[in-house]
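Here is a short report for a reader new to this structure. Look at the sequence and the model first, then read on.

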Amino acid sequence: MTLTFHWFLPTYGDSRDIVGGGHGLPAGSAGGARPATLSYLRQIVQTAEQLGFVGALTPTGAWCEDAWLTTAMLAASTERLKFLVAFRPGFVTPTLAAQMAATFQRHSEGRLLLNVVTGGESHEQRAYGDFLEKDARYARADEFLHIVRALWRGETVDFEGEHLRVEGARLNRLPDPVPDVYFGGSSAAAGGVAARHVDAYLTWGEPPSAVAKKIAWVNELAAAEGRTLRQGIRLHVITRDTSEQAWAQAGRLLDGIDAATLENVQAGLARSESEGQKRMLALHGGSRDKLEIYPNLWAGVGLVRGGAGTALVGSHTEVADLIEEYHRLGITEFILSGHPHVEEAYWFGEGVLPILRGRGLWQHPQASRDADEPASIPFASASAR
């Protein structure tokens, strides 16, 4: 199976430095921020499409712009790129969410993917009027996806659960195709939801041995439900022509961050209820020392921002090698990002993807339509004669 690559839409702003935010942290930058205007986000999605990324993940939270609205306004800027829209089940009813997805599919010609996020921080959920605790949020997500899946099958749904209730729910028009559902979570409650309802399970970038254990865990749960899942991973990336250049860039991203800022960020993240966030923190322990936690896997991003906290760092070949190592574990989808997102997309797209293509692991989505043709240089043949 060839690999699928997605890029990322920084709807909280972009920068040549690491932009913070997520899991209860306010968005911020060490300097030189690029506002998340539609014109700038348009540059990112058009770059991603041109380079061969299949989709773009758009985050959700109080620290960024709304994912549904932003991606709907950007869809017309691209022809092929899909939008992996993150949303929280507790903030919209299942019938409305199913209808929104169907509408998005029609108007975008089938370019919606959905990333279900239960919400990792109770204090942020309460700001939106959601007062359920963590395990209850997963139970609600289970009910939510049960209803949504039934509606997408064209059923009339009567359902009364612990958290959700609908009567006579039905869609006037079904989504075509039904959007794939992506989902991540490291707790026991998350595993059950993934096994029963989702198409692709996502993990954050841990060392391969830890990723292998997580894949085995969720695959076993899915098998018990009579299902199989695709496996994906969320990472940052810093790739350059040489390893030295890549690691110099990684170091530069932390050079301007003072000790007080690191302490404040780590204190905020330490309060997180997310099991995945706790695993990210354990990789570096709040220290700048030994941030290369596995060859070419760097935990430095997690020092200054929440969420995915690791990056692939190295030469184009080294990064391709680590991607191939994750692929051997069963990972087929990679959701990547880098600061700034336009420039880093080009570094990866022009440096790493051709290597993976040469190994037979990747193909540009438009390869058959836009096959490379040799350039004809005027007068060259005449001069040779």
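## Surface and charge

The model is predicted: local features need pLDDT of at least 70, side-chain atom pairs count only at pLDDT 80 or more, and totals for chains, interfaces and linings use all residues. Residues are numbered from 1 along each chain as its sequence is written, and side-chain values use heavy atoms, with hydrogens and water left out.

The chain carries 36 positive and 45 negative charges. Their mean positions are 2 Å apart. Lys and Arg count as positive, Asp and Glu as negative; His and the chain ends are not counted. Each charge is placed at NZ of Lys, CZ of Arg, CG of Asp or CD of Glu.

## Overall build

The chain has 14 helices and 13 strands. These are DSSP runs numbered from the N terminus: helices are H or I with at least four residues, strands E with at least two. The radius of gyration is 21 Å, close to the 21 Å that the globule rule gives for 385 residues, so the chain is as compact as a globular protein of that length. The radius is taken over C-alpha atoms, and the rule is 2.2 Å times the number of residues to the power 0.38. Along its principal axes the C-alpha trace spans about 80 × 55 × 40 Å.

Of the 385 residues, 56% count as buried. Buried means under 20% relative accessible area, exposed over 50%, and partly exposed in between (1.4 Å probe, protein chains only). Take contacts between residues at least 6 apart in sequence: 74% of them join residues at least 24 apart. A contact means heavy atoms within 4.5 Å.

## The nonpolar cores

The largest nonpolar core has 76 residues. Such a core is a set of buried Ala, Val, Leu, Ile, Met, Phe, Trp, Tyr and Cys residues joined through side-chain atoms within 4.5 Å. Phe5, Leu312, Ile323, Tyr326 and Phe348 touch the most other members. Helix H5 (residues 134-152) gives the largest share of this core, 8 residues.

Apart from this core lies another, of 18 residues, including Leu253 and Val301.

Arginine 149 sits in helix H5. Arginine 149 is buried, with a relative accessible area of 17%. Neighbours within four places aside, arginine 149 contacts Val178, Pro179, Val181, His197, Val198 and Asp199.

Valine 178 lies in the loop between strand S6 (165-169) and S7. Valine 178 is partly exposed, at 33%. Beyond four places in sequence, valine 178 contacts Gln105, Arg149 and Trp152.

Helix H6 (residues 188-197) is mostly covered, with 7 of its 10 residues buried. Among them are Val193 and His197. The buried residues of H6 pack against H5, strand S7 (181-184), strand S8 (200-204) and helix H7 (208-224).

## A residue in helix H1

Glutamine 46 belongs to helix H1 (residues 38-51). Is glutamine 46 buried or partly exposed? Glutamine 46 is partly exposed, with a relative accessible area of 39%.
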